[in-house]
Amino acid sequence: QVQLVESGGGLVQAGGSLRLSCAASGRTFSSYAMGWFRQAPGTEREFVAAISGSGRSTYYADSVKGRFTISRDNAKNTVCLQMNSLKPEDTAVYYCAAISVLRVGPEWPISQASYNYWGQGTQVTVSS
């Protein structure tokens with residue numbers, strides 16, 4: 001069982017930056033690949049970024065590539081999402097999620113249905 005708690009959301013102007021954090025419980029954090037998803041009102045939850053259990057591999061949605069950076073600290077059981085050059089269309093509730101590394105195949109899991117554990121979400125609002 002993994003419990004996830006996100007923090008760091010808020011209101012920022014377009015072009016600004018925010019850093020989201022996700023704290024995980026448990027002693028086997030490195031056995032989970034971690035992902036960030038987001039959901040804007042009236043839309044489906046969409047994949048943003050993912051990172052392998054070791055932290056050596058990352059994957060991004062095209063919409064955030066070059067602007068967002070996912071990282072993790074396995075000693076502190078945390079995963080972060082650094083978001084730069086924010087746009088109004090980045091406004092959403094952001095969720096972190098965990099999937100066992102044993103379930104990660106050659107292709108990155110980008111479907112929310114693939115992930116076993118979810119945080120409660122943190123709101124990010126980007127004003128124009």
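**Figure 1. Overall view of the protein chain.** A residue is called buried when its relative accessible area is under 20%, exposed when it is over 50%, and partly exposed in between, using a 1.4 Å probe and protein chains only. By this definition, 43% of the 128 residues of the protein chain are buried. The model is predicted: local features need pLDDT of at least 70, side-chain atom pairs count only at pLDDT 80 or more, and totals for chains, interfaces and linings use all residues. Residue numbers start from 1 along each chain as its sequence is written, and side-chain values use heavy atoms, with hydrogens and water left out. The protein chain has 0 helices and 11 strands, which gives the pattern β-β-β-β-β-β-β-β-β-β-β along the sequence. The radius of gyration is 14 Å, close to the 14 Å of the globule rule for 128 residues, so the protein chain is as compact as a globular protein of that length. Helices (H or I, at least four residues) and strands (E, at least two) are DSSP runs numbered from the N terminus; the radius of gyration is taken over C-alpha atoms, and the globule rule is 2.2 Å times the number of residues to the power 0.38. Along the principal axes, the C-alpha atoms fill a box of roughly 40 × 25 × 25 Å.

Figure 2. Of the contacts with a separation of 6 or more, 60% join residues 24 or more positions apart; a contact means heavy atoms within 4.5 Å. The protein chain exposes about 6,600 Å², of which carbon and sulfur atoms supply 48%. These areas come from the Shrake-Rupley method with a 1.4 Å probe, and for residues only the protein chains shown count as cover. There are 11 positive and 8 negative side chains, with the centres of the two sets 9 Å apart. Lys and Arg count as positive and Asp and Glu as negative, while His and the chain ends are not counted; each charge is placed at NZ of Lys, CZ of Arg, CG of Asp or CD of Glu.

Figure 3. Strand β11 spans residues 122-127 and includes T122. T122 is buried, at 12% relative accessible area. A polar atom of the T122 side chain lies 3.2 Å from the backbone nitrogen of G9. Beyond its neighbours within four places in sequence, T122 is in contact with E6, S7, G8, G9, L20, A92, V93 and Y94.

Figure 4. R19 belongs to strand β3, residues 18-24, and is partly exposed, with a relative accessible area of 43%. The side chains of R19 and Q82 make a polar contact at 3.2 Å. A polar contact is a pair of N or O atoms within 3.5 Å; within protein, one must be able to donate a hydrogen and the other to accept it, and residues adjacent in sequence count only if both atoms are side-chain atoms. With residues up to four places away in sequence left out, R19 touches S7, G8, S71, C80, L81 and Q82. Between R19 and S7, 12 residues apart in sequence, the C-alpha to C-alpha distance is 8.7 Å.

Figure 5. Apart from neighbours within four places in sequence, its contacts are A24, M34, R72, D73, N74, N77, T78 and V79. F29 and N74 are 45 residues apart in sequence, and their C-alpha atoms are 6.4 Å apart. Phi of N77 is positive, near 55°, in a residue other than glycine.

**Figure 6. S85 in the loop between β8 and β9 (92-100)**. S85 is not a glycine, yet has a positive phi of about 50°. Its relative accessibility is 42%, and S85 counts as partly exposed.

**Figure 7. Loop residues S52 and I110**. S52 lies between β5 (46-51) and β6 (58-60) and is buried at 14% relative accessibility. Leaving out residues up to four places away in sequence, S52 touches A33, S57, R72 and W108. I110 lies between β9 and β10 (117-118) and is partly exposed, at 47% relative accessible area. The C-alpha atoms of I110 and F37 are separated by 8.9 Å, with the two residues 73 apart along the chain.
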